[in-house]
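Keep the picture at hand as you read.

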Amino acid sequence: WVDFFAALPSLVIRLCFGPLVFAEEDGFPRTLVLCALPILRLLRLLRHFEQFHLLRAAFQDALEALPVLLFTLVFIVLVTATLIFMVEPRENIPTLPRALWLSVVTITTVGYGDVVPESSQGTIITCVMVICSVLYMAMPLGIIGSA
């Protein structure tokens, strides 16, 4: 609790006087003191939570599987982007980076909707990509959960 109460005054100052401090020209040192340091002081509280240490240990155990997962992700993105680029009309997806954007946004399940497939082949490829990405995203969760 000492860390929390030590960071509390600077948090209150930041909430009350933040707009006045950020209006100045050379506000970077003040911004650092008023914004970053209280957050870093609050992060010191994490050392007292047993659950945090358990989660950190699980991530350290799963870290050795990370290169394989990243390689698989890059492979899925490149293959699906290439397939979509080949079957979609150039008016919809004019460049390969645009197809890569569609693949990344679809695989990460963000789905902005700014680029969507127009052809039926592109829709089928996107559906397969969604199913593969759901299965892919379940792997890291299972690895971390079992650690």
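## The whole protein

The accessible surface of the protein comes to about 10200 Å², and 75% of that area belongs to carbon and sulfur atoms. Accessible areas here come from the Shrake-Rupley method with a 1.4 Å probe, and for residues only the protein chains shown count as cover. This is a predicted model, in which local features need pLDDT of at least 70 and side-chain atom pairs count only at pLDDT 80 or more, while totals for chains, interfaces and linings use all residues. Residues are numbered from 1 along each chain as its sequence is written, and side-chain values use heavy atoms, with hydrogens and water left out.

What does the protein contain in the way of helices and strands? There are 6 helices and 0 strands, giving the pattern α-α-α-α-α-α along the sequence. Helices (H or I, at least four residues) and strands (E, at least two) are DSSP runs, numbered from the N terminus. Of the 147 residues, 24% are buried; buried means under 20% relative accessible area, exposed means over 50%, and partly exposed is in between (1.4 Å probe, protein chains only). Among contacts (heavy atoms within 4.5 Å) with a separation of 6 or more, 58% join residues 24 or more positions apart.

## The nonpolar core

Now let's look inside. The largest nonpolar core has 13 residues, and those with the most contacts inside it are Ile84, Ile93, Leu102 and Ile107. H4, H5 and H6 each supply at least two residues of this core, and H4 gives the most, with 5 residues. A nonpolar core is a set of buried Ala, Val, Leu, Ile, Met, Phe, Trp, Tyr and Cys residues joined through side-chain atoms within 4.5 Å.

Helix H5 covers residues 96-107. The expected span is 1.5 Å times one less than the number of residues. Which residues of H5 are buried? They are Ala99, Leu102, Ser103, Val105, Thr106 and Ile107.

Serine 103 counts as buried because its relative accessibility is 0%, and it touches Val77, Thr80, Ala81, Ile84 and Met129. Isoleucine 107 is in contact with Leu73, Ile76, Val77, Thr80, Met129, Ser133 and Met137. Serine 133 sits in helix H6 and is buried because its relative accessible area is 1%. Leaving aside neighbours within four places in sequence, serine 133 is in contact with Thr106 and Ile107.

Threonine 109 follows H5 and lies in the loop between H5 and H6. Its phi is positive, about 60°, although threonine 109 is not a glycine. Most residues other than glycine have a negative phi. Is threonine 109 buried or exposed? Threonine 109 counts as exposed because its relative accessibility is 58%.

Leucine 83, in helix H4 (residues 66-87), counts as partly exposed because its relative accessibility is 34%.

## Partners across the sequence

Isoleucine 143 is in helix H6 (residues 120-146) and counts as partly exposed because its relative accessibility is 30%. Isoleucine 143 and alanine 62 are 81 residues apart in sequence, yet 6.3 Å apart in space, C-alpha to C-alpha. Not counting residues up to four places away in sequence, isoleucine 143 touches Ala62, Ala65 and Leu69.

Leucine 46 lies in the loop between helix H2 (28-43) and helix H3 (50-62). Leaving out residues up to four places away in sequence, leucine 46 touches Phe52 and His53. Leucine 42, in helix H2, is 34 residues from leucine 8 in sequence and 9.1 Å from it in space, C-alpha to C-alpha.
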